[in-house]
Amino acid sequence: MLMSSTASPLSLPPRSSSPSLLRFNQPTLPYSTSRNHTIRRNRRKPLATQLRVSPSDNYQTAVKVASAPPPTSVKVDDASDVVRSFYEGINGRDLANVEELIADNCVYEDLIFPSPFVGRKAIMDFFKNFTDSISSDLQFVIDDISTEDSSAVGVTWHLEWRGKPFPFSKGCSFYRLELVNGKRQISYGRDSVEPAIKPGETALAAIGFVTRLLQQFPQLADRL
């Protein structure tokens, strides 16, 4: 029996009463809501910094982070070096350098003078008179100098004339130093020079006489 070319309506699949629905993937919201309509935001963790190294056949690329250089410390001259520079300045008649080594409020005693020199200006005037009065061939020579203390220095010295010892020129000096604006400067000095006249035992006798006199008349001590 021949089939009709037109299919029977009963052989077709049933049609839906509603049009076909297209389904799309809904985007994920960055937040979700709860029943109380409270918004809870997703706290995204910060991305960790990554260092990518691209290797090749011959080398690898590396990243170096430059660190700050350590602070440099300013070197302060030793007390003994300051005193040596002081004598070198006097020998070389370099009073400008000597002035830098003397503190503003320095007190300098030369025991052949009746009173000390107070202040940088008065001391530099004394040094200028000294260097103008003697020949540059007369030089200080340090025999010994202390180096252990950073604030006090003792020196023994003598004078030489063109490399030969000068008579009655031995002496000893003491210096106290302080740190001023990062530099060590002389704040006190005392010179004791070998006397040209050496009384010897006569000096001991004179000292003994004066001490006995003070014991009998102690009020005389107020006149010393």
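A salt bridge is defined here as a side-chain nitrogen of Lys or Arg within 4 Å of a carboxyl oxygen of Asp or Glu. By this criterion, the structure holds seven salt bridges. The structure is a predicted model, in which local features need pLDDT of at least 70 and side-chain atom pairs count only at pLDDT 80 or more, whereas totals for chains, interfaces and linings use all residues. Residues are numbered from 1 along each chain as its sequence is written, and side-chain values use heavy atoms, with hydrogens and water left out.

The secondary structure of the protein consists of four helices and nine strands, where helices (H or I, at least four residues) and strands (E, at least two) are DSSP runs numbered from the N terminus. Along the sequence, these elements follow the pattern β-β-α-α-β-β-α-β-β-β-β-β-α. The accessible surface of the protein amounts to about 18,800 Å², and 55% of this belongs to carbon and sulfur atoms; accessible areas come from the Shrake-Rupley method with a 1.4 Å probe, and for residues only the protein chains shown count as cover. Of the 224 residues of the protein, 21% count as buried. Buried denotes under 20% relative accessible area, exposed over 50%, and partly exposed the range in between (1.4 Å probe, protein chains only). Contact denotes heavy atoms within 4.5 Å. Among contacts between residues at least 6 apart in sequence, 43% join residues at least 24 apart.

In soluble globular proteins, nonpolar side chains tend to be buried together. A nonpolar core is taken as a set of buried Ala, Val, Leu, Ile, Met, Phe, Trp, Tyr and Cys residues joined through side-chain atoms within 4.5 Å. The largest such core has 28 residues, of which Phe86, Ile102, Phe127 and Tyr175 touch the most other members. At least two residues of this core are supplied by each of α1 (79–91), α2 (95–100), β3 (102–110), α3 (120–133), β5 (138–145), β6 (152–161) and β8 (171–180). Helix α1 gives the most, with six residues. When residues up to four places away in sequence are not counted, Ile102 touches Phe86, Arg120, Ile123, Met124, Phe127, Gln185 and Ile186.

Arg120, one of the contacts of Ile102, is placed in helix α3. Its relative accessibility is 22%, so Arg120 counts as partly exposed. Under the same exclusion of residues up to four places away in sequence, Arg120 touches Glu99, Ile102, Ala103, Asp104 and Gln185. With Asp104, Arg120 forms a salt bridge in which the closest N and O atoms are 3.1 Å apart. Because Arg120 lies in helix α3 and Asp104 in strand β3, the pair ties together parts that are 16 residues apart in sequence. From C-alpha to C-alpha, Arg120 and Asp104 are 5.0 Å apart in space. Asp104 is exposed, with a relative accessible area of 56%.

Arg190 is partly exposed, at 38% relative accessibility. A further salt bridge joins the side chains of Lys121 and Asp125 (3.2 Å, N to O). Both residues lie in helix α3, four residues apart, about one turn of the helix. Lys121 is exposed at a relative accessible area of 63%, while Asp125, at 37% relative accessibility, is partly exposed.

Nonpolar residues also occur at the surface. Phe209, Val210, Leu213 and Phe217 form a nonpolar patch with about 350 Å² of accessible area together. Patches are made of residues with over 30% relative accessible area and no salt bridge; like charges are joined within 9 Å, and nonpolar side chains (Val, Leu, Ile, Met, Phe, Trp, Tyr) within 5 Å. Phe209 lies in helix α4 (residues 201–216). Most residues other than glycine have a negative phi. In Arg93, by contrast, phi is positive, near 60°; Arg93 is placed in the loop between α1 and α2 and is partly exposed at 25% relative accessibility. Phe168 likewise has a positive phi, near 55°. Phe168 lies in the loop between β7 (164–165) and β8, and is partly exposed with a relative accessible area of 46%.
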